[in-house]
Amino acid sequence: MWHWFIGFLSLSFVSRYQKLFNPFIDAVFAVCIYFLAIKLGFEREDALLSFCLYVFTPIWFSRLSIGPRTSSFTPRLSGEIFTNVFFCVTILPIGAPSWMSILLGSVCCFYVLSSSKFGVQALLFLTPLVSLFSYSVLPIYSLILGIFFLSIISKGAFLNSLKQQLGHLRWYFSKNL
């Protein structure tokens with residue numbers, strides 16, 4: 001999905017400005033975190049702490065490792081952001097009815113699963129735990145609905161890709177033992 005969206009931009013535009021995209025997207029999301037915290041009733045100081053928590057997480061410094069997030073225009077950052085949005089709309093009391101939270105969560109899930117291998121792992125491994133610790137089934141319902149829609153639209157190709165990725169993760173786990 002990410003590549004499809006980026007395909008609407010000209011190659012020369014992406015080549016020229018790719019180093020600016022992820023920092024800009026990161027900054028916009030950080031500001032959105034601040035305003036979401038305000039909407040949820042946080043004091044301004046606490047909302048600022050929420051903003052800082054996102055900005056100063058160790059993942060911000062991932063440019064030191066393989067797969068840089070801030071200096072290259074890759075699907076990983078958008079996967080991270082939409083994974084965060086997925087959990088925000090399915091867990092936080094944003095005032096939406098349950099069906100709307102499930103629908104918005106499934107749209108985020110659809111995007112993440114169809115765009116980022118990192119996002120697939122994050123959603124598949126984190127969603128059951130987040131659901132358990134938050135005492136909410138909304139993330140599970142959204143994940144199942146997102147997988148269902150993606151499986152239909154991809155005509156089953158996603159399920160094959162998922163099977164291959166899970167096989168690779170099993171291999172990687174046993175290799176690291």
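Tyr135 is exposed, with a relative accessible area of 78%. This residue belongs to a predicted model, in which Tyr135 sits in the loop between α6 and α7.

**Loop residues with positive phi**

- Tyr135 is not a glycine, yet its phi is positive, at about 55°.
- Lys155 also has a positive phi, near 55°, and is likewise a residue other than glycine.
- The place of Lys155 is the loop between α7 and α8.
- Lys155 counts as exposed, at 77% relative accessibility.
- As background, most residues other than glycine have a negative phi.

**Helix α8**

- Helix α8 covers residues 157-176, which makes 20 residues.
- From its first C-alpha to its last, α8 reaches 29 Å, close to the 28 Å expected at 1.5 Å a residue.
- The buried residues of α8 are Phe158, Leu162 and Gln165.
- These three cover an arc of only 65° around the axis, and therefore they lie on the same side of α8.
- In general, an α-helix has 3.6 residues a turn, so residues three or four places apart point the same way.
- The other side of α8 carries exposed residues, namely Lys163, Gln164, Arg170 and Lys175.
- The cover over the buried residues of α8 includes α5 (98-113), α6 and α7 (138-153).

**Helix α5**

- Helix α5 has 16 residues, which should span 22 Å at 1.5 Å a residue.
- The end C-alpha atoms of α5 are 22 Å apart, in agreement with that expectation.
- Among the buried residues of α5 are Ser101, Ile102, Gly105 and Ser106.
- The buried residues of α5 also include Cys108, Cys109, Phe110, Tyr111, Val112 and Leu113.
- What covers the buried residues of α5 includes α1 (2-6), α4, α6, α7 and α8.

**The largest pocket**

- The largest pocket holds about 750 Å³ of space.
- Its lining is made up of 26 residues, and those nearest the centre of the pocket are Phe29, Ile33, Tyr54, Asn84 and Cys88.
- Two or more lining residues come from each of α2 (11-39), α3 (44-55), α4 (75-91) and α6 (117-134).
- Helix α4 gives the most to the lining of the largest pocket, with seven residues.
- By class, 20 residues of the lining are nonpolar, four are polar and two are charged.

- Ile91 is found in helix α4.
- With a relative accessible area of 31%, Ile91 is partly exposed.
- Ile91 and Ser134 are 43 residues apart in sequence, while their C-alpha atoms are 7.2 Å apart in space.
- Not counting residues up to four places away in sequence, Ile91 touches Val130, Ser134, Ser136 and Pro139.
- Thr127 lies in helix α6.
- Thr127 is buried, with a relative accessible area of 0%.
- Leaving aside residues up to four places away in sequence, the contacts of Thr127 are Phe86, Phe87, Ala122, Pro139, Ile140 and Leu143.

- Tyr34 is placed in helix α2.
- Tyr34 counts as buried at 19% relative accessibility, because buried means under 20% relative accessible area.
- Tyr34 and Glu45 are 11 residues apart in sequence and 9.8 Å apart in space, C-alpha to C-alpha.
- Not counting residues up to four places away in sequence, Tyr34 touches Arg44, Ala47, Leu48 and Phe51.
- Ser50 lies in helix α3.
- Ser50 is buried, with a relative accessible area of 18%.
- The contacts of Ser50, not counting residues up to four places away in sequence, are Ile33, Ala37 and Phe42.
- Ile33, one of those contacts of Ser50, is also one of the residues nearest the centre of the largest pocket.

Definitions and conventions: Residues numbered from 1 in each chain as written. Predicted model: local features only at pLDDT ≥ 70, side-chain atom pairs only at ≥ 80, totals over all residues. Heavy atoms only, no water. 1 Å grid on protein atoms, 1.4 Å probe; cavity = no way out; pocket = protein on both sides within 12 Å on 5 of 7 lines; lining within 4 Å. Points joined across faces, edges and corners; volume = space filled by probe spheres on them. Helix = DSSP H or I, 4+ residues; strand = E, 2+ residues; numbered from the N terminus. Nonpolar A, V, L, I, M, F, W, Y, C, P; charged D, E, K, R; others polar. Expected span 1.5 Å × (residues − 1). Buried < 20%, exposed > 50% of the residue type's maximum accessible area, 1.4 Å probe, protein only. Arc of directions from axis to C-beta. Contact = heavy atoms within 4.5 Å.
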